[in-house]
Amino acid sequence: MDVTIIGVAGGTGSGKSTLVKRLQEAFKDDDVATLCHDYYYKAHPELTYEERTKLNYDHPQAFDTHMMVEHIRALKNNVPISHPVYSFVEHDRLPETVAVKPSKVIIVDGILIFENKALRELMDIKVYVDTDADVRLARRILRDVCERGRTMESVINQYITTVKPMHEEFVEPSKKYADVIIPEGGFNSVAVAMLIQNIRSLIAAK
Ligand code: C5P
Ligand code: MG
């Protein structure tokens, strides 16, 4: 089976997940699997909850990218995988795993997926979602307070101490590896339609 791997990168709150959802809907007939870099956040059983809340989750070292690369390689070779499950509320990896079958289209997303050479070399098409920092912060506050068990104060402190500096050091510079840059990601319906057309021709040419 010929596998097409689509990478979706961009800062926190940029609209990556919304874009992934649009692509999933568009390629469901081709059989699509999604893998988030977030699933591969490293576990820290040696630390207390309090200590885990203070870690830098926006540095490339926060992820077990090696495991993700191995999983994508396996799926490309028609071998099923089981990916870890991560809880943003617990700041921890959960005991369960999720099985993923090989499929024709694999969508990979995450803030730092273009920063890692081995990871980006696996991708057939790399899309960077570009959204202004103020919009991303506003979305992040709403999301993390509603869905990730955070206080507004903790979201803003984390943004200033780690999220923003790491974005500037690692995420933004990785934009240069993108094949396409989409302002506002999944919310940009014109760009999404163009992207879907292009991926279709890419799949057809394989
Ligand atoms: O969905 P999104 O791309 O925003 O997810 C990545 C973000 O998750 C990172 O910016 C990181 O700060 C955050 N994160 C967190 N707590 C964790 C793990 C990741 O706030 N335990
Ligand atoms: Mg997301």
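Start with a contact. Ligand 1 has an oxygen atom 3.0 Å from a side-chain N or O atom of Arg143. I call that a polar contact: a pair of N or O atoms within 3.5 Å, and within protein one must be able to donate a hydrogen and the other to accept it, with residues adjacent in sequence counting only if both atoms are side-chain atoms. Arg150 also has a side-chain N or O atom 3.0 Å from an oxygen atom of ligand 1. For Asp58, a polar side-chain atom lies 2.4 Å from an oxygen atom of the ligand.

How much of ligand 1 does the protein bury? Alone, the ligand exposes 480 Å², and 98% of that is buried by the protein. Those areas are Shrake-Rupley, with a 1.4 Å probe; for residues, only the protein chains shown count as cover.

Some ground rules. This is a predicted model, where local features need pLDDT of at least 70 and side-chain atom pairs pLDDT 80 or more, while totals for chains, interfaces and linings use all residues. Residues are numbered from 1 along each chain as written, chains are lettered from A and ligands numbered from 1 in written order, and side-chain values use heavy atoms, without hydrogens or water.

Now the shell. There are 17 residues around ligand 1, with Thr12, Asp58, Tyr86, His91 and Arg140 coming nearest. Around means a heavy atom within 4 Å. The shell splits into six nonpolar, four polar and seven charged residues. Here Ala, Val, Leu, Ile, Met, Phe, Trp, Tyr, Cys and Pro are nonpolar, Asp, Glu, Lys and Arg charged, and the others, Gly among them, polar.

Next, pockets. Ligand 1 takes the space of the largest pocket. A pocket is an open set of points on a 1 Å grid over the protein atoms alone, with protein on both sides within 12 Å along at least five of seven lines; lining residues have an atom within 4 Å of a point. A molecule sits in one if more than half of its atoms lie within 2 Å of its grid points.

The largest pocket holds about 720 Å³. Its lining has 32 residues; Lys16, Ser17, Asp38, Arg143 and Arg148 are closest to the centre. Helix 1 gives the largest share, six residues. Helices are DSSP runs of H or I, at least four residues, numbered from the N terminus.

Last, the second largest pocket, at about 250 Å³. Of its 13 lining residues, Thr53, Lys54, His91, Ser154 and Gln158 lie nearest its centre. Helix 6 gives five, the largest share.

Notes. 1 Å grid on protein atoms, 1.4 Å probe; cavity = no way out; pocket = protein on both sides within 12 Å on 5 of 7 lines; lining within 4 Å. Points joined across faces, edges and corners; volume = space filled by probe spheres on them. Helix = DSSP H or I, 4+ residues; strand = E, 2+ residues; numbered from the N terminus.
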